Amino acid sequence: MARDKAKDDLHFNCSQKHETDYVAGLYPEKHKQGVKDLLSKACKENTLKNSTHKQVYALIELELGHKVP
């Protein structure tokens, strides 16, 4: 799945499951569950409050070492 660059400027919404699925779907199958787990944890801790999708990708790279898709 290719990244939708227009969505990068939009805020990530933790309350919408499709947001997590979209972001996780940008990474290889073997990393999807790890990305979902990280996003779930970050949402619970309010780490992603008011974060754009681009900032979410940066967090994934920082925490999991996966390059921005």
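**View 1. The disulfide between Cys14 and Cys43.** In this predicted model, where local features need pLDDT of at least 70, side-chain atom pairs count only at pLDDT 80 or more and totals for chains, interfaces and linings use all residues, a disulfide links Cys14 to Cys43 with an S to S distance of 2.0 Å. A disulfide here is a pair of cysteine sulfur atoms within 2.5 Å, and the structure holds one. Cys14 belongs to the segment before H1 and Cys43 to helix H2, so the pair ties together parts 29 residues apart in sequence. The link of Cys14 and Cys43 is left-handed, with -80° about the S-S bond. Cys14 is partly exposed at 33% relative accessibility, whereas Cys43 is buried at 17% relative accessible area (buried: under 20% relative accessible area; exposed: over 50%; partly exposed: in between; 1.4 Å probe, protein chains only). Residues are numbered from 1 along each chain as its sequence is written, and side-chain values use heavy atoms, with hydrogens and water left out.

**View 2. The buried residues of helix H1.** Helix H1 spans residues 17-25, and its buried residues are Glu19, Thr20, Tyr22, Val23, Ala24 and Gly25. These buried residues pack against helix H2 (29-44) and helix H3 (53-64). Helices (H or I, at least four residues) and strands (E, at least two) are DSSP runs, numbered from the N terminus.

View 3. Ala42, a residue of helix H2, is buried with a relative accessible area of 4%. Leaving aside neighbours within four places in sequence, Ala42 is in contact (heavy atoms within 4.5 Å) with Thr47, Leu48 and Leu59. From Ala42 to Val56 the C-alpha to C-alpha distance is 9.6 Å, and the two are 14 residues apart in sequence.
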